[in-house]
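Please find below a colleague's note on the structure shown here.

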Amino acid sequence: MVRRHIEFSKIGNNSGSTFVALDWKKAFDSINVEAMLTALGRFGIPTRLLAIIKNIYTNRMFCVADGGQKSKERPQKSGIAQGCPLSPFLFIMVMTVVIHDAVGLLSEQSKLSFKNGMLSILLYADDTLIYGRNQQDVQNLLNAVATAGGQVGMELHWDKFQVMHVNNTMQLFTPHGEEIQAKDNLVYLGATISSTGNIHAELNKRLGHAWGEFCRYTKYGSTLQSTSKGSCKSTRR
C-alpha cells in the first residue's frame with residue numbers, strides 16, 4: 001500500500017506526499033487497563049465479555065526470576081498480557097479506537113483531507129504510518145495521534161520517527177519544537193521502502209537472505225559451501 005501511494009505521488013500532476021513511520025514506547029506494556037476496558041466498551045464488546053476481561057486484568061501480580069532466585073511479587077497495573085491468545089485482539093481494538101479519536105481531534109480542513117484520501121493512516125498492530133500531502137494536515141494528525149494515544153496510556157517516541165518525502169518537502173516538529181529530520185527511505189514492517197519507489201534493493205536483500213538460509217539448512221547448500229563460499233554466490237547470480 002505504501003509503494004502504491006509512492007507511485008501515485010510520482011505520476012501526473014500530483015503534489016507529492018510525505019510518509020511518517022511512528023514509534024510507540026513499549027506499546028503493549030503501557031496501555032492503561034481502565035482505558036482499555038472503556039475502549040473495548042466503545043468498540044461494542046458485550047458487557048458480559050467485558051466483565052470476563054476485567055476479571056483477567058484485576059489484581060495481576062508479577063515477579064522476576066533470574067539465576068535461580070525470584071524477586072518479591074509486585075502488582076502489575078498497566079499493559080496487555082503478552083502471550084495470551086486474547087491480547088492481539090484487545091490491542092487491535094484499542095488501537096482502532098485511538099485512531100478513531102485522533103481523526104476526531106483534527107481540524108475541519110484536515111478532516112476533509114482525511115475523507116478525500118489526501119491524509120491517511122496505515123496501521124498494523126502498533127506499526128503506525130501516516131501519509132499526507134499537506135504539511136499542516138500531517139502535523140495536525142501527528143499531534144492528534146499523540147493526544148489520543150496518551151488517553152490510553154501510550155506515548156510516542158518522537159526521536160525514533162522516520163520521515164520520507166516523495167516529490168514533496170515539509171517541516172514536521174516534535175512537541176518540543178524540534179524538527180524531525182527526513183531520509184531517503186524508511187523501514188516499515190521489516191521492508192525498506194525508498195522514496196524513488198525502486199524495489200530492486202529490497203528484492204536483492206530478500207533473495208540474499210533466502211539463499212543464505214537455503215545454504216544453511218539444505219544438503220545441497222552445505223555441499224556448495226564446503227566447496228567454496230563463491231559457489232553459492234555464483235549460483236545465486
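This is a predicted model: local features need pLDDT of at least 70, side-chain atom pairs count only at pLDDT 80 or more; totals for chains, interfaces and linings use all residues.

1. The structure holds six salt bridges. In one of them Lys25 pairs with Glu155, with 3.4 Å between the closest N and O atoms. Lys25 belongs to the loop between strand S1 (17-21) and helix H2 (27-30), and Glu155 to the loop between H7 and S8, so the pair ties together parts that are 130 residues apart in sequence. Lys25 is partly exposed, at 33% relative accessible area, and Glu155 is likewise partly exposed, at 46%.

2. Salt bridges within helices. Lys111 and Glu108 form a salt bridge with an N to O distance of 3.8 Å; both are in helix H6 (residues 108-115), three residues apart, and thus separated by about one helical turn. Glu108 is exposed, with a relative accessible area of 62%, whereas Lys111 is partly exposed, at 29%. In helix H8 (residues 200-217), Glu202 and Lys205 are also three residues apart, and their side chains meet at 3.3 Å, N to O. Glu202 is buried, at 7% relative accessible area, while Lys205 is partly exposed, at 33%. Arg206 joins these two residues in a network of salt bridges.

3. A buried arginine. The side chain of Arg133 does make a polar contact of 3.3 Å with that of Tyr131.

4. Helix H3 and its ends. The buried residues of helix H3 (residues 33-43) include Val33, Met36, Leu37 and Leu40, and the buried residues of H3 pack against H4 and helix H5 (87-104). Just after H3, Gly44 has a positive phi of about 110 degrees.

5. Nonpolar surface patch. Leu49, Ile52, Ile56, Leu86 and Phe89 make up a nonpolar surface patch of about 430 Å². Helix H4 (residues 47-56) gives the most to this patch, with three residues. Ile52, in helix H4, is partly exposed, at 43% relative accessible area.

6. Asn167. This residue lies in the loop between strand S8 (162-166) and strand S9 (182-183). Among the residues that Asn167 touches are Ser9, Lys10 and Gly16.

Methods
Residues are numbered from 1 along each chain as its sequence is written. Side-chain values use heavy atoms; hydrogens and water are left out. Patches are made of residues with over 30% relative accessible area and no salt bridge: like charges are joined within 9 Å, nonpolar side chains (Val, Leu, Ile, Met, Phe, Trp, Tyr) within 5 Å. Accessible areas come from the Shrake-Rupley method with a 1.4 Å probe; for residues, only the protein chains shown count as cover. A salt bridge is a side-chain nitrogen of Lys or Arg within 4 Å of a carboxyl oxygen of Asp or Glu. Helices (H or I, at least four residues) and strands (E, at least two) are DSSP runs, numbered from the N terminus. Buried means under 20% relative accessible area, exposed over 50%, partly exposed in between (1.4 Å probe, protein chains only). A polar contact is a pair of N or O atoms within 3.5 Å; within protein, one must be able to donate a hydrogen and the other to accept it, and residues adjacent in sequence count only if both atoms are side-chain atoms. Contact means heavy atoms within 4.5 Å. Lists of a residue's contacts leave out its neighbours within four places in sequence.
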